[in-house]
Every structure is written in C-alpha cells, then in structure tokens.
Amino acid sequence: MPAPKKILLMGASYGSLLASKLLFGGHKIHLVCLPAEADLINAEGFKVTLPVRGRKEPVLLESRKLPGEVTAGPATGLNPADYDLVGLCMQEPQYRSEGVRQLLDAVGKSRVPCMSIMNMPPLPYIKRIPGLDYKALEAAYTDPRVWDSVDPKKITLNSPDPQAIRPPDGKANELLVTLPTNFKCARFEDEKDTQIIRDLEKDVDAARFDTPEGKIELPVKLKAYDSIWVPLAKWAMLLAGNYRCITKDGMRTAQEAVHSNIEESRSVYNFVFDLCVKLGADANDLVPFEKYAAAAQSLTRPASAARALQNGAPNIERADKLVQLIAKQKGLSHPAIDAQVALVDSRLEANRKKAAA
C-alpha cells in the first residue's frame with residue numbers, strides 16, 4: 001500500500017471537489033485560496049453536497065469526517081518541493097495574479113508533477129500535442145509567460161467533467177455538485193509520475209461512505225488514461241455548450257445553449273470532435289454528441305465563463321479562442337465558432353473599458 005501523498009491544490013472552489021475524493025485515501029491536502037476562505041476551511045473544513053443515483057437525498061461529504069487531512073492558506077510562503085503532486089484548480093486568468101504567479105513559477109522549477117483540472121488546458125500541456133505552432137496559440141492565454149517554467153513533461157490534464165457550484169446561499173467552504181461525472185486524467189510523460197495518478201485512482205475507487213443503510217459507493221471517480229487525448233473530449237462540450245451560454249447582452253443556461261438550436265450545437269460539437277481526431281485523438285477517446293446532449297439536459301445554470309463575463313470580468317478562460325486558433329492552423333474554421341469568439345471578444349472589451357472608466 002503506497003504511503004499517503006502530500007498534495008498541493010491551487011484553488012479551493014472546484015479544488016475541494018477533487019480534495020473530497022482524495023481525502024478518502026488518507027492523503028494530506030493543502031488548498032491555496034483567499035484569506036477568508038482559508039480561515040473558514042482551517043476552522044471548519046469544507047463540505048461537498050453530492051447527488052447519488054438511486055438515493056432521494058444527496059450525501060454530504062465533510063472534510064473533517066473523512067480520513068486524510070486538509071489545511072488552507074495563501075499562495076505565499078510555500079515550497080512546492082515539499083509536495084508529491086500539485087493540482088491546478090483555478091481559472092486560467094487567476095494564474096497571473098500576485099502571489100499565484102510566483103507560486104506557479106516555483107512549481108515549474110521544482111519539477112514536482114503537476115495535474116491541471118482547468119477547462120483551459122495550460123500552455124505546456126498543449127505543447128504535448130505534436131505539430132502545432134505554439135507561439136501562435138499564446139493569444140488565447142491571459143498571460144502566456146506565467147507558464148514559461150513549467151516543463152510539458154511534468155504536466156498533465158485532468159478533464160474537469162463534473163460540474164459544481166458554490167450554493168447561492170452557502171458559505172465559501174461549501175460546494176454543490178450539479179453533474180457527478182468522472183475526472184479523466186491523461187498520463188504524464190514519466191511512468192513514475194503517472195503511477196501517482198493510478199494510486200489515487202485506486203483510493204477513490206475503493207472509497208465507501210457510511211450511511212444509515214450501510215456503506216455505499218460514491219460517484220465522481222478519478223480515472224487514469226494512457227491517451228493524452230482523453231481530456232480534450234471537454235473541448236467540444238465547451239464550444240457547443242459553455243461558451244454558447246454567452247449571448248449578445250446576457251447569458252442563458254447550458255441546457256438552452258445546447259437544445260435551443262440542436263442542429264447548430266451538433267455541428268459545432270462535431271467540428272471540434274473531428275478537429276481532435278485530426279490532431280491525433282482516437283474517436284474512442286472522445287464523447288459522442290448524443291451522450292453530451294443528454295447530459296446537457298440537466299445543466300440548468302449558465303456556465304462559469306458566462307457568469308464571470310456577466311459579472312464584469314475583464315478576463316475569462318478562452319478555450320473557445322484556443323480551439324479556433326488550432327483549427328486555423330489546420331486550415332479549418334466554423335462560422336458559428338468564429339461568431340461566438342468575436343462575441344466574447346467584444347463583451348470582454350466592453351468589460352475592460354468599463355473597468356478602466
């Protein structure tokens with residue numbers, strides 16, 4: 001039985017969902033977050049509400065009642081070399097912020113294996129995809145320079161398929177899971193690094209939760225894959241659903257984004273699907289449109305990118321632009337994607353002007 005790992009997770013919001021699963025293995029987890037959030041987590045732990053198929057009531061995972069240990073604090077004063085694995089759980093624009101930027105730089109220089117659960121694949125992970133002009137893709141990143149010290153060999157991508165939100169009336173240490181699907185993690189270049197993911201996968205798989213009617217298995221597994229393409233299945237979902245939640249003057253739910261014009265959604269989705277296959281993915285690594293469209297029926301909130309834009313954010317993750325630029329390098333384009341990217345560009349521009357006024 002491998003010894004418990006020390007894991008540093010940068011980002012406590014979505015990061016606490018992954019942490020709640022890893023704690024079952026008895027691991028020590030440190031969450032990097034804002035001071036008020038850290039104080040709350042250090043005082044009370046965190047709580048994750050998780051729906052379980054076949055149960056009327058969801059289960060409540062409380063970090064204090066799970067094996068393992070959780071601490072939280074700011075991005076400063078940490079030595080990444082003290083950890084076995086680093087998880088990137090913040091939105092891409094946050095990595096340029098003071099403190100976080102320096103920590104990411106230290107993570108890269110420490111050569112500790114780094115696993116991203118961002119919707120926006122970190123630039124060094126994109127460099128694991130052969131045959132692209134990586135310099136030309138930098139325009140999709142808020143600040144591409146923050147990734148300079150991270151070696152592509154030391155980073156992997158874990159597709160953040162499960163959906164979760166902070167409950168509107170909840171505290172900063174509470175998370176509500178709205179779609180309990182699996183995290184799908186690609187291998188590292190190094191087998192020793194990949195073994196860490198495989199060991200964590202076994203811990204999550206073996207976890208059982210005590211209920212009045214006995215021990216039960218929980219959804220939201222961590223799955224390790226040999227293919228570097230599996231996490232890219234999220235790209236088609238993001239472009240057919242998440243970014244199309246953004247409208248000219250507001251936002252709509254992901255369910256509306258996908259189902260109000262199902263043929264356009266299918267067309268966008270299959271365009272991105274085919275692009276991934278052209279890049280080198282096996283079709284079996286990806287998710288067919290019908291399966292995504294069925295899951296989208298339960299996505300009754302706008303995506304986080306749409307909510308951030310609506311709240312005046314000057315920067316959001318631009319996986320839409322990244323996919324558009326990659327397609328361009330292959331001589332491909334899709335009118336609906338081009339229109340959506342232009343719309344997001346113009347709304348961000350308006351937010352920046354407003355912020356500068």
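**Domains**

I looked up the domain centres first: the C-alpha centres of domain 1 and domain 2 lie 22 Å apart. I note that domain 1 covers 6-225 and domain 2 covers 230-356. These bounds come from an automatic or database domain assignment. The contact between them takes 33 residues from domain 1 and 25 residues from domain 2. I count a contact when heavy atoms are within 4.5 Å.

This is a predicted model, so I kept its limits in view: local features need pLDDT of at least 70, side-chain atom pairs count only at pLDDT 80 or more, and totals for chains, interfaces and linings use all residues. Residues are numbered from 1 along each chain as its sequence is written, and side-chain values use heavy atoms, with hydrogens and water left out.

**Whole chain**

I checked the overall dimensions next. The C-alpha trace spans about 50 × 50 × 45 Å along its principal axes. A compact globule of 357 residues would have a radius of gyration near 21 Å; the chain has 19 Å, which agrees. I take that radius over C-alpha atoms, and the globule rule is 2.2 Å times the number of residues to the power 0.38.

I find 12 helices and 14 strands in the chain. Both are DSSP runs, numbered from the N terminus: helices are H or I with at least four residues, strands are E with at least two.

How much of the chain is buried? Buried residues make up 55% of the 357 residues. My cut-offs: buried is under 20% relative accessible area, exposed is over 50%, and partly exposed is in between, with a 1.4 Å probe and protein chains only.

The chain exposes about 15,300 Å², and carbon and sulfur atoms supply 52% of it. These areas come from the Shrake-Rupley method with a 1.4 Å probe; for residues, only the protein chains shown count as cover. Among contacts between residues at least 6 apart in sequence, 74% join residues at least 24 apart.

**Nonpolar cores**

I then looked up the cores. A nonpolar core is a set of buried Ala, Val, Leu, Ile, Met, Phe, Trp, Tyr and Cys residues joined through side-chain atoms within 4.5 Å. The largest has 82 residues. Those with the most contacts inside it are Met10, Leu88, Tyr95, Trp147, Trp235, Tyr269 and Leu322. Helix α8 gives the largest share of this core, 8 residues. Where does the core sit relative to domain 1 and domain 2? Both domains give residues to it, so it lies between them.

Leaving aside neighbours within four places in sequence, Met10 is in contact with residues including Val32, Val86, Leu88, Tyr95, Leu103 and Val107. A second, separate core has 44 residues, among them Ile7, Val48, Cys89 and Phe188.

**Helix α9**

I read α9 (residues 289-296) face by face. Its buried residues are Phe289, Tyr292, Ala293 and Ala296. The face turned away from the buried side carries the exposed residues Lys291 and Ala294.

**Positive phi**

I found a positive phi of about 60° at Arg111, which is not a glycine. Arg111 is in the loop between α3 (100-110) and β7 (114-116). At 41% relative accessibility, Arg111 counts as partly exposed.

Val220 also has a positive phi, near 65°, in a residue other than glycine. Val220 lies in the loop between β13 (214-217) and β14 (222-225). At 0% relative accessibility, Val220 counts as buried.

**Single residues**

I checked Ile197 in helix α5 (residues 191-206). Ile197 counts as buried at 1% relative accessibility. Beyond four places in sequence, Ile197 is in contact with Leu85, Met115, Cys185, Phe188, Leu222 and Ala224.

Setting aside neighbours within four places in sequence, I see His334 in contact with Ser267, Val268 and Phe271.

Last, I looked at Leu40 in helix α2 (residues 35-44).
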